[in-house]
Structures are given as structure tokens and as C-alpha cells.
Amino acid sequence: MSQTKHRPQVAIICGSGLGMLADTLKCQDSFAYSDIPGFPQSTVQGHAGRLVFGELKGKTCVCMQGRFHMYEGHSLLKTTFPVRVFKLLGVETLFVTNAAGSLADGLQPGDIMIIKDHVNFPGLVGLNPLCGPNDDKFGPRFPAMSGCYDKNLRCLAMEIAKQLGVAGLMQEGVYAMVGGPNFETIAEARLLHRLGVDAVGMSTAPEVVVATHCGLRVFGLSLITNKVVKSYEDSDSVNHEGVLEVGRLRSHTVQQLVTELIGRMEINNNNTNNAA
Ligand SMILES: O=P(O)(O)O[C@@H]1C[C@H](O)[C@@H](CO)O1
Ligand SMILES: Nc1nc2[nH]cnc2c(=O)[nH]1
């Protein structure tokens, strides 16, 4: 921390193809993950591997240009390590973004889903970053996860979307994390759809679990990059290049939304920063 004067209140994790969110920060200090002791390395195309500090609409932010995924071979503890670093830096609110495939018929590629809730499939079978001895300095052994996506921020985001004229692209929904790295089979897609999942991806849930455990307020967005194939008659198939392309196409809208939301949300400034 001796290398930046920024003391962030907000942290942003950029999903696949959404690294440009960091470009909006003013007065940037940027650090390659490879130069930060103990930080994992990004191995996925579209995840640059840089931690960027800066100002956005009067708030101090830190932005992860590139996240860590379980399928890269990182332990869940490593994939979520930055979230605890943010807590220790004094961050109060975490923004998570991701690229996801839609299962809900009303969600089209290019739409933006405000995450209302998640299904953490790896977590349901014990692949949870909170497994192992609990560190009471961060949070309780058995943290509640109901309401982990802040309702006020979700409402404010929708209000902002209306003012920006992009409300037609936006709706709330349930995100499910699967392990990846393969995309879904048709049978898996049908199962997820029946379970009430609106969009599926390969990240986010562990970060949100760790953030909620240590008392961070969370806001999440999924950029819908593709429709998940649910029919044996459908010859479409998804690929990572296509996912990144939709990220590029929608980058401006996502940037506008996040910037306005950060600008208008209230910060309590009562983060006691006493997790450790
Ligand atoms: O980091 P996110 O969740 O945005 O990345 C998604 C899931 C896979 O990593 C990748 C597939 O294209 O995009
Ligand atoms: N699991 C999964 N992750 C994605 N990330 C972007 N699109 C998809 C998808 O269709 N499925």
C-alpha cells in the first residue's frame, strides 16, 4: 500500500471481456498481479491480470482487471483471496460482474441481468471457500446468505438504467455458478432451466460468499453473452471468443451503469476495517 495513495471504498471485479471497466478510473495506479506478493495469476484470455486503483465520481475504487476461476486450478481460497484483501484495505462495497449464458427465454445476448440471488453449485457439494477453520476476525462460522445482493443497490441500478434509456436491456435474475471450464450439455441446460436459473456462468458465487461473510455490501451484474442451447434441434454453439465479443459491444453501457451507480450510491464511511 506504500505504492498508492488510494484507499478504496469500492472494489470492482471485472468479468470476461469487461476489463474496460478499469479504464474509467481517474488518477490510476496500476499493478500487475505478478508484482503483488501472494496474488494468484490470471490465465484466461480477456482477464488482463492487473489491479487498478483510482477515483470514480468522487469515490475511491480498486478494480480487478481479471478474476480467478476454480477451473484454472486455483483453490477456492485463492480465487477469493482478493476479496479479503479488499476488506482489509477498508472496502465497503463489492461490485461483481461476469459474462453468462442465458437460460431464461426473456434474456437475450447483450442484455444485462442484475443478480438478485445465486445458486452456488460447487458450494452445494462442499466446494466452498469458507470450508476449513473459520477465521472469526472476518466473520461467523455459519453466515447467512439470504439477501446477499443488496436490494437498495439493485433498485438504484434499475432507476439509473431507466434514466440512461437502457432499461429495456435490463432485468433481475438468478445466476448459477457451475465449475466449468466446459459449457453446458443440453441436458444440463434443461436441468438448470427447470431449477429456476436465469443465467449460468463459472465464477462470482465464491467471491460473493466470502464478501458477505466479512460484511461487504454486494452488487452483481451478468452480461448475457449467449443463449445456452436447450434444444437438440438447435445447431448454435457457444465459444469464448463470442463471449468476449459481446463484452466489447456492451462495454460502454456497462461502464455507464457502473459509473453512475458508484457515483450515486451512499457510502457509510463507518467501515471499522477491523477484520484482522
Ligand atoms: O469471469 P467470468 O465469469 O465473466 O467468465 C465467464 C465464465 C468463463 O470464465 C468464461 C467463458 O467464456 O466467461
Ligand atoms: N457456464 C457457462 N458460462 C458462461 N459464460 C459465458 N457464457 C456461458 C455459458 O453459456 N455457460
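Ala, Val, Leu, Ile, Met, Phe, Trp, Tyr, Cys and Pro are counted as nonpolar, Asp, Glu, Lys and Arg as charged, and the others, Gly among them, as polar. The legends below describe a predicted model.

**View 1. The shell around ligand 2, by residue class.** Ligand 2 is surrounded by 13 residues. Eight of the shell residues are nonpolar, four are polar and one is charged. Ala99, Gly101, Glu184, Gly201 and Asn226 are the closest.

**View 2. Polar contacts of ligand 2.** A nitrogen atom of ligand 2 lies 2.7 Å from a side-chain N or O atom of asparagine 226. Backbone atoms also take part: a polar backbone atom of alanine 99 is 3.3 Å from a nitrogen atom of the ligand, and a backbone N or O atom of glycine 101 is 3.3 Å from a ligand nitrogen. On its own, ligand 2 has 280 Å² of accessible area, and the protein covers 95% of this.

View 3. At least two shell residues come from each of strand 5 (93–102), strand 8 (199–201) and strand 9 (217–227). The biggest contribution is that of strand 5, which gives three residues.

View 4. The unreviewed UniProt entry carries the annotation "domain: Nucleoside phosphorylase" for residues 10–262. In this stretch, 29% of the chain is helix and 26% is strand.

Definitions and conventions:
Residues numbered from 1 in each chain as written. Chains lettered and ligands numbered in written order. Predicted model: local features only at pLDDT ≥ 70, side-chain atom pairs only at ≥ 80, totals over all residues. Heavy atoms only, no water. UniProt positions renumbered as here; feature names shortened; annotations may be inferred. Helix = DSSP H or I, 4+ residues; strand = E, 2+ residues; numbered from the N terminus. Near = heavy atom within 4 Å. Polar contact = N/O pair within 3.5 Å; in protein donor to acceptor, adjacent residues only side chain to side chain. Areas by Shrake-Rupley, 256 points an atom, 1.4 Å probe, with all protein chains shown as cover.
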